[in-house]
Amino acid sequence: MRTGIINTMVTKEILAAQPKRILFANFPADGHFNPLTGLAVYLKELGYDVRWYTSVTYTEKLRKLNIPHYRFIKAKEVINNNFDEAFPERTKLNNNIKKLVHDIIHAFILRAPEYYEDMLEIRKTFPFDMVICDCAFSAIPFIKEKINVPVVAVGVMPLNATSRDLPPSGLGLTPSDSFFGRRKQALLRFVASKILFAKPDKVMQQLFTKYGIHAKGINLFDVFIRKSTVVLQSGTPGFEYKRSDLGKNIHFIGALLPLTIREEKRWYNSKIMEYDKIVLVTQGTVEKDTSKLLVPTLEAFRNTNRLVIVTTGGTGTQALRKKYPDDNFIIEDFIPFNDVMPYADVYITNGGYGGVMLGIQNKLPMVVAGVHEGKNEINARVGYFKIGINLRTETPVPSQIRESVEQVLHDNTYAANVKMLCAEFSQYNTHKLCAQHIEKILNSQSILQKQLIYN
């Protein structure tokens with residue numbers, strides 16, 4: 001009896017003294033890792049024991065953040081966002097739907113048991129109290145139901161929750177509230193569920209059944225949302241389609257952006273004072289084919305009075321400088337967006353969610369051109385909320401770009417809408433909101449643990 005009392009007292013002391021252990025995890029792509037970095041550092045500074053499970057791609061970044069890194073062991077590696085190399089069969093798929101179906105199955109669903117096995121090993125030496133991951137991390141149901149710890153999913157892309165008010169997610173369609181529009185959306189949801197995405201849904205259900213995870217009747221795009229303890233959605237209601245059936249575990253947190261380390265010397269180029277209108281263009285760090293967006297933008301503005309600032313992400317910079325030595329072009333590997341966006345008048349992008357968030361925060365109307373990796377959904381919202389023009393392609397021609405940029409410059413609607421959205425974004429203290437949700441969950445967990453001890 002006395003031994004039991006002593007053990008109980010020791011356990012209570014440990015609970016009181018030991019910082020809560022949080023394991024971050026992410027699908028191996030920059031757009032899923034980078035937005036979580038600022039939150040991870042913020043929680044670490046609050047005193048949480050923060051560690052990270054992810055691809056070897058992010059070893060050096062995590063070292064700089066002084067966050068312990070658990071590498072993929074069982075899980076299939078995707079090095080430097082090169083999904084074609086990891087899954088070479090996807091290069092043979094030219095149809096957008098077929099490629100999306102392939103990626104859902106092979107890059108996401110089938111990786112879940114591998115993540116789960118790795119995390120079981122991690123838990124032997126780091127008994128984490130919570131997992132924080134991006135919303136596409138497919139092991140969410142395993143963590144919540146098999147490991148039995150709470151999961152905070154972070155929406156690093158537009159919310160893909162199915163709704164009776166919307167068309168199906170994944171196709172880049174915008175909503176309609178007319179009678180016939182709603183009927184069409186209902187039909188499209190049926191087609192998407194029973195035909196277009198029937199195969200990945202079947203694979204997912206078979207996998208979950210094998211591991212004793214119940215997900216019958218839950219839509220493929222909803223399962224990770226519903227299985228999460230909470231979903232912290234990057235963005236605001238003003239940049240998301242209205243749903244009358246929004247899940248109660250979904251909370252908007254404002255723009256969750258990557259950690260930025262302010263350089264002592266800010267970027268500046270004297271040319272920005274020589275031109276009346278400035279166009280900023282990027283296609284991110286993942287897309288390596290400069291002919292898709294950078295080249296047609298440069299072609300569109302040769303011999304014009306528009307200053308075009310290009311950030312290549314480190315791909316083809318010298319070749320572009322050689323081919324386009326025009327005085328009205330600035331071509332760099334990287335430029336901190338917070339340094340250059342305040343000077344720009346239009347932002348051309350393939351639609352990375354973080355870049356779009358930054359564009360909104362800098363009151364910058366856009367021209368967007370991207371299709372794959374969920375960019376069709378992001379760009380659809382840019383067009384729907386009229387903060388920019390959606391070109392609905394990833395290979396625009398120079399004339400499309402030039403005409404769209406001129407329309408954005410001369411129609412004040414876009415600038416006015418993005419200014420209003422920026423004001424809404426500014427009302428959110430993103431990291432503080434996240435920390436409040438996390439603390440609430442961990443406190444509830446501690447109460448349950450203490451009740452078990454006393455009982």
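Start by selecting R90: its relative accessibility is 7%, so R90 counts as buried (buried means under 20% relative accessible area, exposed over 50% and partly exposed in between, with a 1.4 Å probe and protein chains only). You are looking at a predicted model, in which local features need pLDDT of at least 70, side-chain atom pairs count only at pLDDT 80 or more, and totals for chains, interfaces and linings use all residues. Residues are numbered from 1 along each chain as its sequence is written, and side-chain values use heavy atoms, with hydrogens and water left out.

Stay with R90 and show its surroundings. R90 sits in the loop between α4 (83-86) and α5 (96-108); helices (H or I, at least four residues) and strands (E, at least two) are DSSP runs, numbered from the N terminus. Leaving aside residues up to four places away in sequence, R90 touches F83, D84, K99, H102, D103 and E373, where contact means heavy atoms within 4.5 Å.

Next, turn to the aromatic rings. Rings of Phe, Tyr and Trp (its six-membered ring) pair if their centres lie within 6.5 Å; planes under 30 degrees apart count as stacked, over 60 as edge-to-face and the rest as tilted. By this rule the count is 25 aromatic pairs. Select F24 and W52: the ring centres are 5.0 Å apart and the planes stand at 35°, so this pair is tilted. F24 belongs to strand β1 (residues 21-25) and W52 to strand β2 (residues 49-54), so the pair ties together parts that are 28 residues apart in sequence. F24 is buried at 0% relative accessibility, and W52 is buried with a relative accessible area of 0%.

Now pick Y115 and F137, a stacked pair with 4.5 Å centre to centre and 20° between the planes. Y115 is in helix α6 (residues 112-125), while F137 is in the loop between β4 (130-134) and α7 (140-147), 22 residues apart. Both Y115 and F137 are buried.

Two charges over rings come next. K76 lies over the face of F87, 5.4 Å from the ring centre, and R123 lies over the face of F128, at 5.1 Å. The rule here asks for NZ of Lys or CZ of Arg within 6 Å of the ring centre and within 35 degrees of the ring normal.

Last stop: is F334 buried or exposed? At 57% relative accessibility, F334 counts as exposed. You will find F334 in the loop between β10 (329-332) and α13 (337-340). Not counting residues up to four places away in sequence, F334 touches T285, G313 and G314.
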